[in-house]
Amino acid sequence: MRFAVNTWFAERLGDHGIHSEFLADHHPVHMPCLEIRLHDWEQAAGEARRLEMRMVAVWAAEAGKHDISVSGSRALYVYMAFAHPEHRHALLRTRLRDDTREVQSISGHYISACRMERTLQDMFGIHVRNIPDSRAWIKHEHWPENVHPLRADFSVTRMSVEPERNAIDYDYVQSSSQGVYEIPVGPVHAGIIEPGHFRFLAVGEYILNMEERLGYVHKGIEKAMQGRTAEHGIRLAARVSGDTTVGHAWAFAHACEYASNTAAPKRASYLRGILCERERMANHIGDIGAICNDAAFTFMHMQMQRLREDMARMHADVFGHRLLMDTITPGGVCRDVDAVSCMMLMQQTRTIAAEVEHLRSIYADHPSIQERVIGAGTVCIADARDIGLLGFAGRASGDYPDERIEEAYPPYDDVEVRVAEGKLGDVATRIWVRFEEIADSARIIGQLLETLPEGDIQAAWIPPESGVSGFAAIESWRGEIAAWVRFGEGGCIDRYFVRDPSAINWLGLELAVRTVPVPDFPLVNKSFNCSYAGHDL
Amino acid sequence: MRSALVQFFQAGMLLLLAPLLAGFVATCRARLQNRRGAGVMQPWRNLRKLFSKEVVMASHASWIFRTAPYVVFTATVMAASVVPAMLVDTPLSLIADVIALVALLALSRFFQALAGMDIGTAFGGMGASREMTFAALGEPAMLMSIFVISLSAHSTNLTSMINHTLNSPFALHPSLAFALVAMLLVALAENGRIPIDNPTTHLELTMIHEAMILEYSGRHLALMEWAAMVKLLLFSTLIVDLFMPWGMAVNTDAISLVQAFGLWLLKVAGLMIALALAETGMAKLRLFDVPEYLSGAFVIAFLGLLSFYMLEVGA
């Protein structure tokens with residue numbers, strides 16, 4: 001893959017008097033990082049919005065050791081990334097003033113940036129001006145105000161942080177209208193699921209507003225990644241969200257490979273594609289069953305679980321882990337498949353795809369389950385585009401971002417990906433998209449296995465020089481994972497940022513459940529099945 | 001004397017067999033889903049576990065919350081003991097009145113709803129409000145369907161109604177078919193089964209019956225769950241009594257009692273298999289469709305009444 005430097009966004013910005021400079025130590029060149037001036041920040045976001053670009057993420061990084069100024073203070077940079085279906089991703093960076101540490105909010109242009117800006121406030125102590133919602137997000141109320149965990153002066157080992165005893169309660173959205181009542185749900189639920197808090201404002205049995213509160217599974221992954229080598233760090237990246245281990249490991253590996261200018265061998269990229277599509281199939285199968293179970297249609301759940309279990313066992317046999325953890329390494333994959341395993345994988349993928357098609361006809365022939373899913377939890381096209389809904393949730397709502405087509409990173413440059421184009425944005429459409437994706441993934445796996453090239457599965461991994469950063473976007477089963485990695489001294493990572501698709505899709509859920517009856521919420525929630533761990537990091 | 005013994009045996013049997021029956025339904029469902037299931041003894045194991053666990057209670061729980069499990073359990077057991085299972089004429093048959101029966105069940109429901117609201121959690125209140133809304137629609141439908149049989153028996157006493165059915169020549173009454181359908185629909189709703197409620201769900205927001213007892217633990221929870229199982233058996237016995245009482249013992253001699261017991265078991269098991277089949281093939285209704293479902297049951301029962309007057313009076 002040799003791409004020319006992508007100058008499209010820089011030219012568009014230049015048209016509107018926003019001066020930008022390409023950063024030389026950022027890779028890849030087709031997804032460039034542009035340095036802009038601080039006072040152009042918000043205008044640049046507005047320009048991106050006008051160009052109908054999708055906001056990918058907003059994050060920050062302190063300057064690494066290579067970049068410490070004469071005065072000794074560490075510069076603080078804020079980044080934002082946008083994506084355009086034709087012109088790929090573009091990153092913007094600006095340096096904050098050392099004294100004020102202020103940046104203008106871009107939430108006016110992209111509402112999904114708001115939670116990321118709140119995270120900047122929490123983790124770096126950056127003051128975001130004109131932010132529509134200034135409440136803390138990841139840092140819950142027992143954290144002291146002036147402690148910022150991602151700053152270099154915060155030490156994880158020196159646990160000097162005393163929990164705040166007189167913490168003020170989180171200020172949920174409230175209603176003073178008569179007849180509106182609040183239902184607090186979670187973070188501990190009656191079932192065994194991840195923790196998250198939902199605050200409903202309901203009138204009778206109708207949801208007026210649902211507010212999410214996340215951050216209960218914040219594990220400090222970004223902090224823990226600092227100082228790890230890429231080989232070591234990928235094990236952590238693979239554990240960002242357990243159900244998306246291939247996606248996260250691949251995004252991390254891809255960002256590292258871009259940074260060090262290595263390319264995984266062709267056979268390795270094919271194997272990664274197989275792993276990722278198998279993960280997609282397994283998760284969609286499990287989720288369809290779980291959605292039906294939430295409508296008390298247990299038959300489907302049991303059958304889908306059986307199929308998922310078959311896949312997990314095959315994964316354990318062939319790749320050494322039921323969930324495919326630690327199969328991808330920077331520069332390649334660590335498990336090769338022999339001809340026998342190839343046959344087994346091919347056979348099982350076909351059998352399972354056929355069984356799913358059979359179950360799909362049972363699902364389609366049951367009016368009682370159809371009754372529940374059709375028209376439930378709708379997100380319209382305009383809303384989906386506004387927040388940049390990702391993955392199958394976006395594809396169900398008439399917005400079709402798919403990195404496998406847009407960037408066509410290997411192996412997807414060799415296989416055709418057919419995107420299911422849903423329009424209605426309800427639970428039924430999300431299930432439909434998932435069924436279509438299972439069938440398409442099975443086809444892709446078959447094609448990749450048939451044309452699996454011979455050769456190495458591991459390219460020599462040479463860490464890049466200090467200060468070099470890489471950015472990658474991988475289409476995981478939930479949607480696009482964006483990862484940004486900057487290397488420090490000795491091949492160690494000094495900043496890792498990852499945006500799980502859940503960070504965006506959680507907003508989609510909030511939109512989907514307005515005016516939905518309260519007991520339909522679990523059904524809609526499951527149809528999105530956002531990751532808590534992936535969001536909280 | 002002998003009939004009093006039978007009465008005791010019958011009540012005790014209902015109590016002991018109820019968990020087995022719940023286990024039987026669960027096993028049937030598991031088999032229909034191609035699973036092995038946990039076995040018919042599982043509800044008994046659960047109850048034993050719960051009885052040996054300590055009770056955890058909210059600090060502001062009032063006496064209502066603490067006494068409700070006992071009231072609910074006692075009322076349900078009382079209701080169960082007056083419903084004849086094998087012997088038609090028992091010492092308690094005088095109070096075996098369907099209106100009293102419905103009242104006993106309403107008492108248990110009332111305390112369940114109070115207990116749900118007592119703790120002050122959103123789920124308890126939500127469950128109580130849903131339960132009461134549906135009860136207001138379900139109870140008239142249930143009474144209406146029983147009244148179809150009462151009309152021909154000229155009594156609301158269960159024993160007289162059963163005797164009437166046993167003594168009248170076998171004939172197909174369209175009114176009874178209507179009443180049976182209505183009764184089955186109501187029984188599903190009253191026992192919190194699919195498509196109204198899902199007894200095995202873990203989703204707080206969709207619960208009805210489970211939401212009310214969400215805060216219970218230990219022996220309190222055991223009593224509540226046991227009461228729910230007894231209620232399921234009570235309803236199946238009631239349906240058997242009203243619509244297919246043939247084979248029930250009129251005398252207290254051993255042969256007819258054993259025969260009646262066996263037949264009763266068969267009939268109830270048949271009903272439970274039908275329940276498992278229905279639950280496997282159906283998803284839960286949308287909450288706002290439940291009132292339609294229950295009013296449907298009421299209308300069907302009402303049609304039963306009408307058809308009785310049109311076709312069977314004077315015939």
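Predicted model: local features only at pLDDT ≥ 70, side-chain atom pairs only at ≥ 80, totals over all residues.
I will start with the overall dimensions of chain A. Its secondary structure amounts to 17 helices and 16 strands. Along the principal axes, the C-alpha atoms occupy a box of roughly 70 × 70 × 50 Å.

On burial, 53% of the 537 residues in chain A are buried. As for contacts, take those between residues at least 6 apart in sequence: 69% of them join residues at least 24 apart.

Next, one pair of strands in chain A. Strand E4, residues 54-62, is mostly covered, with eight of its nine residues buried. E4(A) runs antiparallel to strand E5, residues 76-84, and eight bridges join the two. To give one pairing, Met55(A) has Phe82(A) in E5(A) as its bridge partner.

Now the backbone details. As background, most residues other than glycine have a negative phi, and most peptide bonds are trans. Chain A has exceptions of both kinds.

I take the peptide bonds to begin with. The bond from His27(A) to Pro28(A) is cis, with omega near -5°. Where is Pro28(A)? Pro28(A) sits in the loop between strand E2 (26-27) and strand E3 (33-36). Another cis bond joins Pro410(A) to Pro411(A), with omega at about 5°. Pro411(A) is also in a loop, here between helix H13 (403-406) and helix H14 (427-450).

Then the phi angles. Arg88(A) is not a glycine, yet its phi is positive, about 60°. This residue belongs to strand E6, residues 88-95. Is Arg88(A) buried or exposed? The cut-off for buried is 20 or more other C-beta atoms within 10 Å. Arg88(A) has 20 such atoms within 10 Å, and therefore counts as buried.

Ala296(A) is another non-glycine residue with a positive phi, about 65°. Its place is the loop between helix H7 (266-294) and helix H8 (298-319). Ala296(A) has 26 C-beta neighbours inside 10 Å, so this residue is buried too.

That brings me to chain B, and to its two helices H1, residues 2-32, and H2, residues 42-51. Their axes come within 7 Å and cross at roughly 125°, which means that H1(B) is oblique to H2(B). Which residues meet there? From H1(B) they are Pro19(B), Ala22(B), Gly23(B) and Ala26(B). From H2(B) they are Gln42(B), Pro43(B), Trp44(B) and Leu47(B). By class, the residues of this contact are six nonpolar, two polar and no charged.

Last, the interface between the chains. How many residues of chain B are in contact with chain A? There are 21, and they touch 25 residues of chain A. On the chain B side, the residues divide into ten nonpolar, seven polar and four charged.

Note on methods
Residues numbered from 1 in each chain as written. Chains lettered and ligands numbered in written order. Helix = DSSP H or I, 4+ residues; strand = E, 2+ residues; numbered from the N terminus. Buried ≥ 20, exposed ≤ 12 C-beta atoms within 10 Å, placed from the backbone. Contact = placed C-beta atoms within 7 Å. Nonpolar A, V, L, I, M, F, W, Y, C, P; charged D, E, K, R; others polar. Pairing = 2+ DSSP bridges. Axes fitted to C-alpha atoms, helices over the stretch in contact; angles between N-to-C directions. Parallel < 35°, antiparallel > 145°, perpendicular 65-115°, else oblique.
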